[in-house]
Amino acid sequence: MGEEFRRGWHPERVRPRGSDARVLVVGAGPAGLEAARALGQRGYQVVLTEASRELGGRVARESRLPGLRAWNRVVEYREQQLRRMPNAEIYLQSPMTADDVIEHGFTHVVVATGSVWRHDGAGRWHTRAIPAEGSPQVLTPDNIMAGGRPRGPRVAVYDDDHYYLGGVVAELLAAEGLDVRLITPAAHVSAWTANTLELVRIRQRVMRAGISVETNRAVARLTTEGVVTACVFTGETQQLEVDTVVMVTARLPSDELYTTLMARKAEWAGASITSVQAIGDAWAPATIAAAVWTGRRYAEELDGPAPAGPVPFRREVTALAPAGADDPGLPAGSPHS
């Protein structure tokens, strides 16, 4: 999936570091943890800082949701590896500003500060904020995972993300005794999980939790009484009275540190900084697997040679024999040659 073979990333033959550079990794989510682990394995001096009290970022938060506990292995494995490395340091409760980064003078800076869920409902169906004529309480998965809860018993979860989190958040709130209605423009709950073969199991859990589901409907606007939903085919609308709507739509990169450092590029030389790179959700919000992959890619390519060809991976091209030539792998005269 991550093209490790095509890129020559062998799990046991590790390329040694290409310099004595010191690397600062800001943010200990899946991307930051993997970047620090792989850099440490190559022999670089690595400092990993995390603003919160724990490692893991979104993985640590999501693994507390129903059915996702096993996902914390993404954190546990990498933390275990980092704790064993004498060349890796970890600092919790250490938020970093641009001034902090420039003052400490690392050679390379990796920004892995994650992303945040949008409050305004912009996502796949609505590419801009959902119109609001007054509004019920609006929460996001970040609020829910941080301990925030609806202020009334009637909750609408609007899933325009179509992956697993809309169904999981709805299941959590239903288990706490709330009247939950899951609304999605897709034809199925968590529709994208058809690609991961989880769709049936997720729908089973949602049904068993007693969650009301409205598919093929989008939240058209917010009102003081709740939400107005619209059929994605006919546009027919209806009012739904709710106390709270949980927006599971799109995420924005938390890239303030990265953009500030890039704006202060003139100060890098005086601080011995050679490069600053954002990775993971801080660069482009995606899946946990994609965040891990970007961390690994950064570590693999640091101080590496430039790609020999037009793309930085091996192309797998099959050479076709001239018309009428026998396939060397088949007997001469074979009907398939």
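Leu 139 stands opposite Val 246 in strand S14, and that pairing is a handy place to start a tour of this predicted model. Strand S14 covers residues 244–248, and five of its five residues are buried.

**Around strand S14**

- Strand S7, residues 137–139, runs parallel to S14, and the two pair over three bridges.
- Strand S8 also pairs with S14 in the parallel sense, here over five bridges.
- Val 246 of S14 turns up in both places: Leu 139 stands opposite Val 246, and Val 157 has Val 246 as its bridge partner.
- Which residues of S14 lie on each side, and are they buried or exposed? Thr 244, Val 246 and Val 248 are on one side, Val 245 and Met 247 are on the other, and all are buried.

**The chain as a whole**

- The protein chain is built with 10 helices and 16 strands.
- Its C-alpha atoms fill a box of roughly 75 × 60 × 35 Å along the principal axes.
- Of its 337 residues, 46% count as buried.
- The accessible surface of the chain comes to about 17,300 Å², and carbon and sulfur atoms account for 52% of that.

**A four-stranded sheet**

- Another place to look is an open sheet of four strands in the order S6-S11-S12-S13, where the pairing is mixed.
- Strand S6 (132–133) and strand S13 (237–241) are the edge strands, each pairing on one side only.
- Strand S12, residues 226–231, pairs with S13 in the antiparallel sense over five bridges.
- Within that pairing, Val 227 has Leu 240 of S13 as its bridge partner.

**Helix H4 and its two sides**

- Helix H4 spans residues 73–83, and its buried residues are Val 74, Val 75, Arg 78 and Leu 82.
- Why do these residues line one face of the helix? Seen down the axis of H4, they fall within an arc of 85 degrees, so they share one face.
- On the other side of H4, Arg 73 and Arg 83 are exposed.

**Aromatic rings**

- The structure holds five aromatic pairs.
- One of them joins Trp 71 and Tyr 164: the ring centres are 4.9 Å apart and the planes stand at 80 degrees, so this pair is edge-to-face.
- That pair links distant parts of the chain, 93 residues apart. Trp 71 sits in the loop between H3 and H4, while Tyr 164 sits in the loop between strand S8 (154–159) and helix H7 (165–175).
- Trp 71 is partly exposed, with a relative accessible area of 24%, whereas Tyr 164 is buried, with a relative accessible area of 7%.
- Tyr 164 also forms an edge-to-face pair with Tyr 163, at 4.6 Å centre to centre and 65 degrees between the planes.
- Trp 71, Tyr 163, Tyr 164 and Trp 192 form one aromatic cluster.

**Arginines over rings**

- Arg 251 lies over the face of Trp 117, at 5.4 Å from the ring centre.
- Arg 314 has its charged end over the ring of Phe 5, 5.3 Å from the centre of that ring.

**A closer look at Pro 253**

- Pro 253 lies in strand S15, residues 251–253.
- Pro 253 counts as partly exposed, because its relative accessibility is 26% and that class lies between the 20% and 50% limits.
- Which residues does Pro 253 contact, leaving aside its neighbours within four places in sequence? They are Gly 114, Ser 115, Asp 281, Ala 282 and Pro 285.
- Pro 253 and His 119 are 134 residues apart in sequence, and 14 Å separates them in space, C-alpha to C-alpha.

Key. Residues are numbered from 1 along each chain as its sequence is written. This is a predicted model: local features need pLDDT of at least 70, side-chain atom pairs count only at pLDDT 80 or more; totals for chains, interfaces and linings use all residues. Side-chain values use heavy atoms; hydrogens and water are left out. Buried means under 20% relative accessible area, exposed over 50%, partly exposed in between (1.4 Å probe, protein chains only). The arc is that of the directions from the helix axis to the C-beta atoms. Rings of Phe, Tyr and Trp (its six-membered ring) pair if their centres lie within 6.5 Å; planes under 30 degrees apart count as stacked, over 60 as edge-to-face and the rest as tilted. A charge sits over a ring if NZ of Lys or CZ of Arg is within 6 Å of the ring centre and within 35 degrees of the ring normal. Accessible areas come from the Shrake-Rupley method with a 1.4 Å probe; for residues, only the protein chains shown count as cover. Contact means heavy atoms within 4.5 Å. Two strands pair if DSSP finds at least two bridges between them.
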